[in-house]
Amino acid sequence: MTKCPRLIIFGRQGAGKGTQCALLIERYGAVHISTGDILRAAVAEGTELGRQADAFMSAGNLVPDEVMIGLVKDRLLQDDVETHGFLLDGFPRTEAQARALIETLGAAGFDLAVNIEVPLATVRERIAGRNRADDNSEAVDRRLQDYEDKTMPAVRWFGSIGKLVEIDGVGAEDEVFTRLSNVVDSHL
Ligand code: ADP
């Protein structure tokens with residue numbers, strides 16, 4: 001058994017990040033920290049966090065950095081993360097979030113950031129072919145544009161500190177997973 005992976009997964013909407021994260025969790029057993037899932041659960045439960053996040057999310061906007069940074073810092077402090085490692089999915093989404101994360105973890109506090117790269121035109125086709133409640137075209141466009149404007153700088157920032165690997169996300173799910181797990185294995 002290799003050591004617990006501590007990974008940050010990037011990929012634009014429709015890149016297959018959800019599927020690949022599920023496969024990674026199955027294989028490596030790390031704690032899946034999906035900020036989208038945490039926020040949706042908070043909205044459903046009507047917690048204070050959920051009340052703060054709801055309006056941003058339903059408009060297809062990002063939740064403010066300070067809310068997200070506090071949330072993820074708290075989650076990373078929990079014991080299961082220490083024991084099993086983590087897979088960060090949906091965070092960081094901005095360069096400010098990325099810098100705050102590395103301030104918290106230290107550069108040695110994670111193994112790798114991976115970007116599952118699928119071209120914009122391809123994800124647009126994929127999203128047009130699926131049927132999700134939050135996939136109305138205006139919200140999709142907003143989220144894709146935010147990804148280019150706000151999240152790509154965070155992706156590039158991990159590149160600038162030498163911690164980013166790009167994976168070709170075009171192809172069958174199992175082919176993409178083979179590429180991904182080979183990269184993860186070689187960094188653990
Ligand atoms: P998607 O990738 O389809 O946008 P997610 O499930 O990752 O979906 O997130 C759903 C929504 O939650 C986002 O559109 C955004 O409003 C909010 N959200 C999730 N993670 C973050 C984050 N790190 N920073 C800001 N907002 C976030």
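The legends below describe close-up views of a predicted model.

Local features are reported where pLDDT is at least 70 and side-chain atom pairs at pLDDT 80 or more, whereas totals for chains, interfaces and linings use all residues. Residues are numbered from 1 along each chain as its sequence is written, and side-chain values use heavy atoms, with hydrogens and water left out.

**View 1**
Three aromatic pairs are found in a search of the whole structure. Rings of Phe, Tyr and Trp (its six-membered ring) count as a pair if their centres lie within 6.5 Å; planes under 30 degrees apart are stacked, over 60 edge-to-face, and the rest tilted. F10 and F158 form a tilted pair, with 5.7 Å from centre to centre and 55° between the planes. This pair links distant parts of the chain, since F10 belongs to strand β1 (residues 6-10) and F158 to helix α8 (residues 137-160), 148 residues apart. Helices (H or I, at least four residues) and strands (E, at least two) are DSSP runs numbered from the N terminus. The ring centres of W157 and F158 are 5.4 Å apart with the planes at 80°, so this pair is edge-to-face. F10 and F158 are both buried, as are W157 and F158; buried denotes under 20% relative accessible area, exposed over 50% and partly exposed in between (1.4 Å probe, protein chains only). F10, F110, W157 and F158 make up one aromatic cluster.

**View 1. K163 over the ring of F110.**
The charged end of K163 sits over the F110 ring, 4.6 Å from the ring centre. A charge is assigned to this position if NZ of Lys or CZ of Arg is within 6 Å of the ring centre and within 35 degrees of the ring normal. F110 is also a member of the aromatic cluster with F10, W157 and F158.

**View 2. Strand β1 and its two parallel partners.**
Four of the five residues of β1 are buried, and the strand is mostly covered. Strands pair if DSSP finds at least two bridges between them. β1 runs parallel to strand β3 (residues 86-89), to which four bridges join it. Pairing of β1 with strand β4 (residues 112-117) is likewise in the parallel sense, over four bridges. L7 stands opposite L87 in β3, and its bridge partner in β4 is L112.

**View 3. The largest pocket.**
This pocket has a volume of about 1,200 Å³. On a 1 Å grid over the protein atoms alone, a pocket is an open set of points with protein on both sides within 12 Å along at least five of seven lines, a cavity is a set where a 1.4 Å probe fits but cannot get out, and lining residues have an atom within 4 Å of a point. Points are joined across faces, edges and corners, and a volume is the space filled by probe spheres set on them. The largest pocket is lined by 48 residues, with Q13, R40, R93, R132 and R143 nearest its centre. The elements that each supply at least two lining residues include β1, α1 (17-28), α3 (48-58) and α9 (173-187). Helix α2 gives the largest share, six residues. By class, the lining holds 14 nonpolar, 20 polar and 14 charged residues; Ala, Val, Leu, Ile, Met, Phe, Trp, Tyr, Cys and Pro count as nonpolar, Asp, Glu, Lys and Arg as charged, and the others, Gly among them, as polar. R143 is located in helix α8 and counts as buried at 16% relative accessibility. The C-alpha atoms of R143 and L39 are separated by 16 Å, although these residues are 104 residues apart along the chain.

**View 4. The second largest pocket.**
The volume of the second largest pocket is about 190 Å³. Its lining includes C4, R6, Q78, F86 and G109. The largest share, three residues, is contributed by helix α5 (residues 79-84). The lining comprises six nonpolar, three polar and three charged residues.

The structure holds one cavity of 30 Å³ or more. I69, V72, K73, F91, A100, L101 and T104 line the largest cavity. Helices α4 (65-76) and α6 (95-105) each supply at least two of the lining residues. These divide into five nonpolar, one polar and one charged. F91 is joined to P92 by a cis peptide bond, with omega about 0°. P92 lies in the loop between β3 and α6.
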